[in-house]
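Subject: The structure you asked about

Hi,

Here is the structure to open on your screen. Have a look around first, then read my notes below.

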Amino acid sequence: MISLKTFTQTIQDGLNAISGINFKVFADAGKYEKAIVKPLYKTKFTSCVLRAGSSSAVPTQGVTVASQTVMLEVCVRFTPETMDSVITAHRAALDAYFGNTEVQQISEGGKSYTVAATYAIATTGTVEQRPLVGTSLTYFVNISYSFVENGLNSNSFKFTLDGDEIPYTVASIRKTPTTDGNIYSDGNGNTKARNTAFIHTFEFQIPALSGAGVSSKVISNLLGNELNTMHTLVVTVDDAEPQTYTVIFGETECNVQGVNNGGMTFSLTEAFVGA
C-alpha cells in the first residue's frame, strides 16, 4: 500500500508546481498552522489537511492491487481587501490540478506503483474566523486513487485509425484462433489440439464528435453503403514498437437519447488483402 504521507507530498508538490501559491499539505492528524514568522520576513502558505477515507485491497498473488479515497480540506486566508483576488487565484489553482484525471508513477518501500487518480472539482465551504488563520474560506476536494504494483494503465494503450487517434472510453483487443481438435490421442484418451489460424478484432466505445476524425469515419460506415473498405489501424502499447493492421469495419452502432451527448461503439477486424 501507499502511505497517506506519500500522497500528501505528491499533492503538495503538484499544487506548488502549477501556481505561485505556497501550499502546505498536512497528513491525517495535521491541523491548520499560522505563517512561520522570522525576524526579517514572513513566509506565508495555504494550509491543507489530507484525511483518509475508505480503502480496499484486492487479494492477488504477490502483487499489490488497491484503492484509496481521501479528502483534502484547503483553508484560504484573506483580508476584506484581498478577498476576491485570493479566492480567484486559489480556485484557479485547485481547478487546474484537480480538474483532470492523472496517471502517476509512485515509488515507496522499494516498490513501484502505477496510480490512477480521479478528482472532483473543489466544493466551497464557509467563510469564518478560524484560530491561527483568521478570516478564511475552505475548499473540499474528494480524490479516489487506484493503484497496481508495476501496473500497465489504460493510458499506455494508443490507437490511431488512418492517422487519427481514437478517443476511446473503452477498448478491447481480441485474438480468436481457429482450432483443430483431436489431432492426437494417446492410450489414456488425452487429446491434443493446435491452432491453424487466428484473427484480430478491435472493439471501441467513443463519444460522438463533430468534424473530421474517427467519428466521421464511423458515421460514414454506419450510414453509407461501403463494403470491405480498408483502413489502417496502428496500436501502440507503452514503449513497445507500434503494430500496424489493415482492417475493415465490423458491427457499428451510434446511440443518441434526449439532450444527452451521443456515443458510438464499433469493431475493426483484420482484412484480407488480396492480389
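Let's start with the rings: Phe159, Tyr168, Phe204, Phe249 and Phe266 form one aromatic cluster. Rings of Phe, Tyr and Trp (its six-membered ring) pair if their centres lie within 6.5 Å; planes under 30 degrees apart are stacked, over 60 edge-to-face, and the rest tilted.

Before going on, please note that this is a predicted model: local features need pLDDT of at least 70 and side-chain atom pairs count only at pLDDT 80 or more, while totals for chains, interfaces and linings use all residues. Residues are numbered from 1 along each chain as its sequence is written, and side-chain values use heavy atoms, with hydrogens and water left out.

Back to the rings. Searching the whole structure gives 11 aromatic pairs. In one of them, phenylalanine 159 and phenylalanine 204 have ring centres 5.0 Å apart and planes at 80°, so this pair is edge-to-face. The pair links distant parts of the chain, as phenylalanine 159 sits in strand β10 (residues 157–161) and phenylalanine 204 in strand β13, 45 residues apart. (Strands are DSSP runs of E, at least two residues, and helices are runs of H or I, at least four, numbered from the N terminus.) Are these two residues buried or exposed? Phenylalanine 159 counts as buried because its relative accessibility is 2%, and phenylalanine 204, also at 2%, counts as buried too. Here buried means under 20% relative accessible area, exposed over 50%, and partly exposed in between, using a 1.4 Å probe and protein chains only.

Phe204 turns up again in the second largest pocket, whose lining also includes Phe266, Val170 and Gln205. A pocket is an open set of points on a 1 Å grid over the protein atoms alone, where a 1.4 Å probe fits, with protein on both sides within 12 Å along at least five of seven lines; lining residues have an atom within 4 Å of a point. The space in this pocket is about 170 Å³, a volume filled by probe spheres set on the points, which are joined across faces, edges and corners. β12 (170–185), β13 (191–207), β15 (243–255) and β16 (263–270) each supply at least two lining residues.

Next, histidine 231, which is found in strand β14 (residues 231–237). With 10% relative accessibility, histidine 231 counts as buried. Its side chain makes a polar contact with the side chain of aspartate 162 at 2.8 Å. (A polar contact is a pair of N or O atoms within 3.5 Å; within protein, one must be able to donate a hydrogen and the other to accept it, and residues adjacent in sequence count only if both atoms are side-chain atoms.) Leaving aside neighbours within four places in sequence, histidine 231 is in contact (heavy atoms within 4.5 Å) with several residues, including Tyr245, Val247 and Phe249.

What about the loops? Asparagine 150 lies in the loop between β9 (134–149) and β10, and has a positive phi near 55° although it is a residue other than glycine. At 60% relative accessibility, asparagine 150 counts as exposed. Aspartate 238, in the loop between β14 and β15, is not a glycine either, yet has a positive phi of about 55°. Aspartate 238 is partly exposed, at 46%.

Last stop: serine 3, in the segment before α1 (4–18). The side chain of serine 3 makes a polar contact with that of threonine 6 at 3.1 Å.

Cheers
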